[in-house]
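Dear colleague,

My notes on it follow directly after.

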Amino acid sequence: MNYKFSIRSLAIIAGVCCFLCLLACGGEGTKEQGGSKTDKRYFRYNQASGISSLDPAFAKDQANIWAVNQLFNGLVQMDDELNILPAIAKSWTINSDGLTYTFVIRDDVHFHDHELFPDGKGTKVTAHDVEYSFKRLVDPLTASSGSWLFNDRIADKDPFVALNDSIFQMKLKEAFRPMLGILSMQYCSIVPERIVKNYGKEFRANPIGTGPFAFKKWDEGKVLVLTKNDNYFEKDAAGQSLPYMDGVSISFMENKRNAFLKFKDGELDMLSGIDASYKDEVLTGEGALHPDLSAAKQLLRSPYMNTEYLGFSMRGNLPKAYQDKRVRQAINHAFDREKMIRYLRNNIGKPAHSGFTPPGFPSFNEQLVPGFKFNLDKAKGLLKEAGYPDGKGLPTLKLETTSSYQDVCTFFQNQLKDIGVPIELEIHPPSFLRNKIAKGESAFFRGSWIGDYPDAETYLTVFYGGNPAPPNYTQFKNKRYDDFYAKALATNKDESRYQLYQEMERTLLAEAPIIPLFYDEVLRFTGKDVEGLGVNAFNLLSLKKVKFK
Amino acid sequence: MLRYVIKKIAYGFTVLVAVVALVFLLIQGLGDPARLTQGQRTDIATMEAVRKDLGLDLPLGVRLLHYLNDVSPISIYQDTPENKSEYRYSKILPLGDRALVFKTPYLGRSYQSKKRVTEILREALPQTIILGLSAIIFATIFGILLGVWAAMRQFSFTDSSILVGSILGISQPSYFSGMILALVFGYWLRDYTGLNYTGDLFSTDMYGDPITQWKNLILPTIALGIRPLAIIVQLTRSTMLETLSQDYIRTAKAKGVSNRIVVLKHALRNALNPVVTAISGWLAAILAGAYFIEIVFDFKGLGYETINALNNLDLPVAMGSILFAAVLFVSINILVDVLYGWLDPRVSYD
């Protein structure tokens, strides 16, 4: 050991540290000078899962949809009662054969300002912009995750045509009643060709639309800032321009518990949904707002177009005994859904005592579509009838799920013990399970289905025999069901279409390829100073009418 | 010397190519990444368009070759304006409609967000490096102080407490101590400490202006530094005790030198040699440990990006960050080897 050697070693550490510092500094070069602070008040919420793109063509999940909905508009929009209202189109007509849709475009809608526009001012939206936006959505080169909306539905020749600056026409191959609902989806937002062409793939981070808020800054994984669009075309009932707020600021803390703490401290204006990490601190056991929060916060809730279920694969990889529908019915009757809602979910959601379509759709009717209720005697009877009295001879059924549903699945497993059906749980990472279910490799799995548009078809298509694995994850194929499906799509009269939908639900429940668990609820916690934030069954976030007291 | 460096670099290069090929092949078995870029509903035509867009329609071998071509600074591309703007290359030699080009390595774009992987890495890197450095500095300073303190009071209560504490520190995985620290100081004692449960170093206020929250570095630094700290404490203590028993220390004491001077000037300097040598060997390991800590504290560095990418089967990001980490390890090793040789003539290059 000599003294000089110590200095050498220190020099080595210093050398490595300098090398690392150089690397670190190289990465910091993009910091930009912030603008001046003002007392402007922005609406703040957290998006734990992160936003992958602000391009409407990739508005595939709730995180992206919420941001896109503030930045863009479609031809039509949906209000909180799920009515289709005009947006960029001021009116429309549908031909009697249901094949041609003609939209009249408003002449006072402008894109957000951008340097690429003449004089930097956003140009007026014309029917040609609509034509471009829809053509882009279906173009395989865009590789949009939303092209399924139009594939197989639009006419082969000239499906989207701008007849002049203010008339846009869309042609379908076959009549498809829910089309207007589809057009209200964020995928169908109107984008400016000039800007999209300039940025290409980078349009994802340079969005220019027509929405109530304009893009200001996106520091990925940190913050997304949107500012008020002063030229927004919509006005409130009193004639005042929307939006009211100065801007929106979205943070991306992945830790939901931390987001809850920030909300509690008043550093976030809204908290969406519940998470196991803070559930019991925001809700009482009965599902009301926790007394600790009720002084400063409020709770908005609405039924959610989300059905949670367990699905059997009907493809044949299910153990033989479970291919008997009486066994599947018995399992359905052996599960106490009310207990699950009360004890595992703090009374959030409704037990699924009807079919696959959740309440909120006009065709939902618990009397006309009676689902499975907890009835042990009936369950035991069905098992006996199928030749497995008290579950004797039944092989173990493997239920595949993700860790976030482990509690519900464990409860299910315990309940099934009462009729002697042996269940084994297998926990997978979400991405792995999703792939497995899509490939039909999972014989019994947990799933959920969120409605895409306000027509029960968005649920019933999940079991249409003509559909591949997404959306038909159970690979259910039933002639009676498929016939009703085809008939319903061609039926224009609402009442008779709903009857067909109910007929399909009854067929589905009789075959029992699924175990409906519960119909979910949308929960939004906000500060008491937040006014005008609605809540709707699609869990769509619209901030244009929100203001602070 | 030069030959030695070249040999080291060539060796490192082989390691990197092997890492690329191995990780590329391993990752393929995890599932279908195209499916995960979709929402809940999709159709076959949409999936095909996405596969083509992501290049997943090509056979595995071709994809691996493309990847290697993309990563290599000298590569061959079809010379089109689209390629030029995507790969940002400068042409060296035209070969018909193709061209031999020079570029910075191209790591592709994220499947999920379509963002350039190099950009993702560049944004994530500073956090990881700052976290790693602050952890090693924390561990070194406190480790040596505690170690010396314990050695000076051998067999006292202080000594035993420090020893027990360091054993506790060594025996805990860093992500575990991370969670405990977050819970105690970021949640239960939040009102007193003012620390966040989780949080990033570089953050922004609600208007999007950047702010640096150094306080968010405190808990991750402690969590990551606690194991090296414990090891440094024990190492310092034992070498210190050994040094203090040497003859020359007794001589110094006999000459009437004060106890403080003996410890700090004569004993500590010599005792530190093995400690410092050990620390330089751990730098790379600290960076690896940072991966877990980043997940616990929502600290958006390299580890956070890597693990998220693996969860989403976002292969380009996962490949890019693994490759980058490998480059980092290999270059730190080369640097340490070369510096050792340069500083210590006893190290031979052959």
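Leu75(A) touches Pro86(A), Ala87(A), Ile88(A) and Ala89(A), and also Phe103(A), Ile105(A), Val130(A), Phe134(A) and Phe168(A); residues up to four places away in sequence are left out of this list. Please bear in mind that the model is predicted.

Leu75(A) is also among the residues with the most contacts inside the largest nonpolar core, which has 104 residues.

Turning to chain B, its domain assignment gives domain 1 (73–106) and domain 2 (117–343). The centres of these two domains of chain B, taken over C-alpha atoms, are separated by 43 Å.

Chain B also holds an open sheet of three strands in the order 1-3-2, with antiparallel pairing. Strand 1 (74–78) and strand 2 (90–95) of chain B are the edge strands, each pairing on one side only. From one strand to the next, the twist averages 30°. Strand 1 of chain B is joined to strand 3 (residues 98–102) of chain B by five bridges, and the two run antiparallel. Within this pairing, Gln78(B) stands opposite Arg98(B) of strand 3 of chain B.

With kind regards

Key:
Residues numbered from 1 in each chain as written. Chains lettered and ligands numbered in written order. Predicted model: local features only at pLDDT ≥ 70, side-chain atom pairs only at ≥ 80, totals over all residues. Heavy atoms only, no water. Core = buried A, V, L, I, M, F, W, Y, C linked by side-chain atoms within 4.5 Å. Buried < 20%, exposed > 50% of the residue type's maximum accessible area, 1.4 Å probe, protein only. Contact = heavy atoms within 4.5 Å. Pairing = 2+ DSSP bridges. Helix = DSSP H or I, 4+ residues; strand = E, 2+ residues; numbered from the N terminus. Axes fitted to C-alpha atoms, helices over the stretch in contact; angles between N-to-C directions. Domains from an automatic or database assignment.
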